[in-house]
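Please find below a colleague's note on the structure under review. The points run from the overall fold to individual residues.

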Amino acid sequence: MNPGTIETFDLALPHGITLSCRAAGAPGAPLLVFLHGFPEGAFVWDELLAHFAPRYRCIAPNLRGFERSSSPVEVEAYRAKHLVADIRALIAAQGGRAAALVAHDWGGAVAWSLAALHPELLERLVIVNSPHPATFLRELRDNPAQQAASAYMNFLCRPDAEALLAADDFARLWPFFEMMGASWLTESVRERYRAVWRHGLTGACNYYRASPLRPPTGPDDAIHTLQLPAAMVTVRVPTHVVWAEADIALPPALLDGLDAFVPQLTLTRVPGATHWIVHERPALVAAEIERALAA
């Protein structure tokens with residue numbers, strides 16, 4: 001098999017969850033794990049899987065709730081501890097340690113927690129436009145600009161959100177991309193997204209329903225009193241953050257004070273790129289991962 005060929009398989013985890021995975025590279029080679037975000041799927045990493053396959057075993061799972069991965073119906077099943085358990089088990093099944101965990105958006109939320117709580121599982125962390133939980137909490141609670149930018153999160157918590165998103169050929173989902181340009185969103189790419197979304201959107205929406213990190217809607221919201229102990233959010237593995245500065249959902253203020261929680265931090269700012277930088281600038285993202293691996 002060509003090392004850059006993408007293979008697909010279902011990985012059954014010991015705790016009853018199955019993750020549908022995309023992979024490339026030789027089993028037994030140093031492991032790279034790639035975690036996607038909302039409303040995406042593992043396929044968004046294909047170009048990077050092929051790039052790194054000659055030297056690494058590259059695996060991109062569809063997170064629980066996405067594509068053919070297990071999609072529990074209970075909101076509680078999407079709390080951080082369960083999402084982290086999935087990736088811990090995946091890494092254990094692939095040899096027990098990753099040369100790097102690369103993650104974007106919601107995948108990054110999982111990766112931040114895993115790196116803080118289980119640093120022994122990875123040598124380094126690469127984050128692409130995914131806010132650290134402590135700075136995200138601060139900005140959601142105190143910054144009206146972030147509250148406005150994240151207002152969509154409360155829509156996604158509505159009990160009818162998945163039905164509204166699926167209606168009229170997913171008419172409410174395409175603007176997530178299109179409002180930031182999305183010249184990369186060709187009809188073939190749209191069809192790849194449809195193939196993911198047709199499996200259902202309840203799991204994807206449950207990420208938002210299960211998280212206390214969303215803009216407050218009243219004085220009694222949990223976010224006003226939420227505390228994140230330092231031990232839960234301090235990441236002590238070398239961390240390389242790539243931040244597209246034209247991300248309208250995640251403004252660069254989220255980077256302020258990040259080094260207090262990530263002592264070994266390298267930060268690359270990318271002016272003009274948006275939240276969808278993995279689609280827009282895959283060669284740049286690959287180069288930044290190479291830089292992290294070489295450090």
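1. Overall form. The model is a predicted one. The protein contains 13 helices and eight strands. Its C-alpha trace spans about 55 × 45 × 40 Å along the principal axes. A compact globule of 295 residues would have a radius of gyration near 19 Å, and the value of 18 Å for the protein agrees with this.

2. Burial and surface. Of the 295 residues, 54% count as buried. The accessible surface comes to about 11,800 Å², and carbon and sulfur atoms hold 55% of that area. Among contacts with a separation of 6 or more, 73% are made by residues 24 or more positions apart.

3. The sheet. In what order do the eight strands of the open sheet stand? The order is β1-β2-β4-β3-β5-β6-β7-β8, with mixed pairing. Strands β1 (7-12) and β8 (265-270) are at the edges; each has a single partner strand, so one side of each lacks a neighbour in the sheet. On average, neighbouring strands are turned by 20° against each other, direction ignored.

4. Two strand pairs. Both kinds of pairing can be illustrated here. Strands β1 and β2 run antiparallel and are joined by six bridges. Within this pair, T8 has R22 of β2 as its bridge partner. The hairpin of β1 and β2 has five residues between the strands, and G16 in this hairpin takes a positive phi near 95°. By contrast, β6 (residues 125-128) and β7 (residues 239-244) run parallel, with four bridges between them. I127 stands opposite V241 in β7.

5. In soluble globular proteins, nonpolar side chains tend to be buried together. The largest nonpolar core of the model has 105 residues, of which F34, F38, L125 and Y193 touch the most other members. Helix α3 (residues 106-117) supplies the largest share of this core, seven residues. Apart from residues up to four places away in sequence, Y193 touches P39, E40, F43, V44, W174, F177, W184, L185 and H279.

6. Residue S130. Beyond its neighbours within four places in sequence, S130 is in contact with H104, D105, G108, A109, W112 and W243.

7. Residue V102. V102 lies in strand β5. With a relative accessibility of 0%, V102 counts as buried. Its contacts, leaving aside neighbours within four places in sequence, are V33, F34, L35, W45, V126 and I289. V102 and S20 are 82 residues apart along the chain, and their C-alpha atoms are separated by 17 Å.

8. Residue Y208. Helix α10 (residues 202-210) holds Y208, which is buried at a relative accessible area of 3%. Which residues does Y208 contact, its neighbours within four places in sequence left aside? They are F38, W106, Y152, M153, L156, C157 and R214. A89 is 119 residues from Y208 in sequence, and the C-alpha atoms of the two are 23 Å apart in space.

Notes
Residues are numbered from 1 along each chain as its sequence is written. This is a predicted model: local features need pLDDT of at least 70, side-chain atom pairs count only at pLDDT 80 or more; totals for chains, interfaces and linings use all residues. Side-chain values use heavy atoms; hydrogens and water are left out. Two strands pair if DSSP finds at least two bridges between them. Axes are lines fitted to C-alpha atoms, for helices over the stretch in contact, and angles run from 0 to 180 degrees between N-to-C directions. The radius of gyration is taken over C-alpha atoms; the globule rule is 2.2 Å times the number of residues to the power 0.38. Buried means under 20% relative accessible area, exposed over 50%, partly exposed in between (1.4 Å probe, protein chains only). Contact means heavy atoms within 4.5 Å. Accessible areas come from the Shrake-Rupley method with a 1.4 Å probe; for residues, only the protein chains shown count as cover. A nonpolar core is a set of buried Ala, Val, Leu, Ile, Met, Phe, Trp, Tyr and Cys residues joined through side-chain atoms within 4.5 Å.
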